[in-house]
Amino acid sequence: MFFAHTKHRAFITFTFLGPLVGAVPFLLITPSAYKEGFIVIIFAYLIGIIPAFLAGLVFNSLMPSYAQSKRHQEIHIGALSGLLAVLPIIVIFGITKSLMLLIVIALIGVISGGICGHASKP
C-alpha cells in the first residue's frame, strides 16, 4: 500500500531540511558566521537542493513503510540515500580536489540524510 502523505512528507523534509543541515558545518567553521551566515545558507541551498531532492527520491524508493520499519531503520536508509545523493557532487567537483574534501562532502551527505530520515518519521 502506498502511503502518500508519509512519502510526500519525507520528500519535503529531505528537500528543505537537507541543505540546511548540510550548511551547519560550514556555519560552525566560518569565523564570521554572524555576518555571512545568510550567504552560507543561500549557497548551501543553491548547491544542495539537487542532492537533497535526489536523497528524498532515493529514500522514498528504499523505505518500505513506516509501519513495517524496524528500530532506527529510517536513519540508516536516510544516511544511505544521503550518501548516494552526494555521489554526483563528489564525482563532478571532487575529481581534481583533495581526498579530504571528498570525505567531508560524503560525511555531510550521510549526516544530513540520517537526520532528515529521522525527522521524516511520523
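These legends describe close-up views of a predicted model of one protein chain.

Local features require pLDDT of at least 70 and side-chain atom pairs pLDDT 80 or more, while totals for chains, interfaces and linings use all residues. Residues are numbered from 1 along each chain as its sequence is written, and side-chain values use heavy atoms, with hydrogens and water left out.

**View 1. The fold of the protein chain is α-α-α-α from the N terminus on.** The chain has four helices and zero strands. Helices (H or I, at least four residues) and strands (E, at least two) are DSSP runs, numbered from the N terminus. Of 122 residues, 39% count as buried. Buried means under 20% relative accessible area, exposed over 50%, and partly exposed in between (1.4 Å probe, protein chains only). Among contacts (heavy atoms within 4.5 Å) with a separation of 6 or more, 72% join residues 24 or more positions apart. The accessible surface is about 7600 Å², with 78% belonging to carbon and sulfur atoms. Accessible areas come from the Shrake-Rupley method with a 1.4 Å probe; for residues, only the protein chains shown count as cover.

**View 2. Eight residues make up the largest nonpolar core.** They are Ala10, Phe14, Ala55, Phe59, Met63, Ile77, Ala85 and Cys116. A nonpolar core is a set of buried Ala, Val, Leu, Ile, Met, Phe, Trp, Tyr and Cys residues joined through side-chain atoms within 4.5 Å. Ala55 touches Phe14, Ser81, Gly82 and Ala85, leaving aside residues up to four places away in sequence. A second, separate core has five residues, including Val86, Ile89, Ile90 and Ala106.

**View 3. A nonpolar patch lies on the surface.** Its members are Val24, Phe26, Leu28, Ile29, Leu99, Met100, Ile103, Val104, Leu107, Ile111 and Ile115. Together they have about 1100 Å² of accessible area. Patch residues have over 30% relative accessible area and no salt bridge, with nonpolar side chains (Val, Leu, Ile, Met, Phe, Trp, Tyr) joined within 5 Å. A salt bridge is a side-chain nitrogen of Lys or Arg within 4 Å of a carboxyl oxygen of Asp or Glu. H1 and helix H4 (99-119) each give two or more residues. H4 contributes the largest share, seven residues. Ile29 sits in helix H1. Ile29 counts as exposed because its relative accessibility is 64%.

**View 4. Helix H4 has 21 residues.** H4 reaches 30 Å from its first C-alpha to its last, close to the 30 Å expected. The expected span is 1.5 Å times one less than the number of residues. Buried residues of H4 include Ile105, Ala106, Ile108, Gly109, Ser112 and Cys116.

Methods:
Patch = residues over 30% accessible without salt bridge, like charges linked within 9 Å, V, L, I, M, F, W, Y side chains within 5 Å.
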